[in-house]
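Hello,

Here is the structure I promised to pass on. My notes follow below it.

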Amino acid sequence: MFDDLSEIDAANVVRCARTLLRRPLLRADGPDGELLTLVYRHRAALQDLFARTLGYRLVVERRFARLYKSGPGADDSRGVLGMSPRGYAYVALTMAVLTGIGRQTLLSRLVADIRAAAAEAGITVVDDVADRRALTAALRHLVSLGVLHETEGTVDAQAEALITIDTDLLGQLLTGPVAEATSPDRLVELAARPGPRGVEHAVRRKLVENPVVLYADLPAEQADWLRRNQRKESALLETCFGLYTECRVEGVLAADPEDYLTDLYFPGTSTVARIALLALPEVLGSDPRPDGRHVVVREELREVCGRLVEDYPAAWSKQFTEDLDRLTDEVLELLRRMGLAVRTDDGWLLNAAAHRWIPEPDGDPEREAEPVVVPEVPSWSLFDEETA
């Protein structure tokens, strides 16, 4: 893959590729922006790498680099944490409004134009706390992407603010073929279509973007291709992106040893992550189905969460422990986003990959044997009499 590059240049290309996977819109003034110069220097090699391995298009300019990934399709586990469906609707409406608003605008005018666009699109606007939070989250997300700049004031404040629009970045946001789509569902479908190499690009994209890829979740053609090419794909992902894979009967797990490409940590330090980890042994205690998955009964998981909260009351955040139903839902959602749980019409299923994270206690203090006390033997002293 990097035969024409020196060892140092090849390492830099891999570093840039990993950065672009983590930051598809890389800006000079944004996170990891110091690498933009290196990305620009190796742009030809990076464009060839992404086109050949994943079927992705890469645009590199002096001020930014944009990696056009495929859409997630029906998978909603790759969204922005904390962004509600209404927030996403406001992101789309804001982008539509910004195309004709110029380079600067007042926050009040921008909000008025967004709500007018929502009414025109047939979206009911209710000026309540939830609606204002969704709109603020949408604006804040565009600020984080560098499309909006808070020249004076902030988008969070109730007071007036002056907003500057980066029209160059605005034109780089959309990845789906909007002109070809005849409906929202069709746009989602077109944005998620595989690359030029069909099955090869489709499977490899899933390995790079998802922590766990199970054969049971793949179409038959893709599952057969992955089984035949496991070793070759493992070597390619390690060479090009620094990912290490674990191949099992049920599927393939791709892990980043540096945790840079990990946007969701498990195990983690939050209350939800720790309770999810401690609940795994009991949840996985039942006999698995023929496909290796375990049936998860929500009521039983709620009881497990309740026992953990009761046994260690000072270890958890009160905002979750006071509402066991919310805690249970958050645990299931975390496992789903990690690719460890699947929601079905009948309930929840836990994938066999969850066995990898079963905690092993160091020991049970109550069951440990009493320590053996060794009587202290006095050592020899200069003042002791010498014996024959």
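The accessible surface of the protein is about 22,700 Å² (Shrake-Rupley method, 1.4 Å probe). Carbon and sulfur atoms account for 51% of that surface. Buried residues, those under 20% relative accessible area, make up 41% of the 388 residues.

Please keep in mind that this is a predicted model: local features need pLDDT of at least 70, side-chain atom pairs count only at pLDDT 80 or more, and totals for chains, interfaces and linings use all residues. Residues are numbered from 1 along each chain as its sequence is written, and side-chain values use heavy atoms, with hydrogens and water left out.

Now the overall form. The radius of gyration, taken over C-alpha atoms, is 27 Å. A compact globule of 388 residues would have one near 21 Å (the rule is 2.2 Å times the number of residues to the power 0.38). The C-alpha trace spans about 105 × 60 × 60 Å along its principal axes.

The protein has 15 helices and 12 strands (DSSP runs: H or I of at least four residues for helices, E of at least two for strands).

Next, the rings. There are two aromatic pairs, with ring centres within 6.5 Å. One of them joins Phe-50 and Phe-241, with 6.1 Å between centres and 35 degrees between planes. That makes the pair tilted, because the angle is neither under 30 degrees (stacked) nor over 60 (edge-to-face). Phe-50 lies in helix H3 (residues 43-53) and Phe-241 in helix H11 (residues 230-241), 191 residues apart. Both are buried.

Best wishes

Key: Phe/Tyr/Trp six-rings, centres within 6.5 Å; stacked < 30°, edge-to-face > 60°. Buried < 20%, exposed > 50% of the residue type's maximum accessible area, 1.4 Å probe, protein only.
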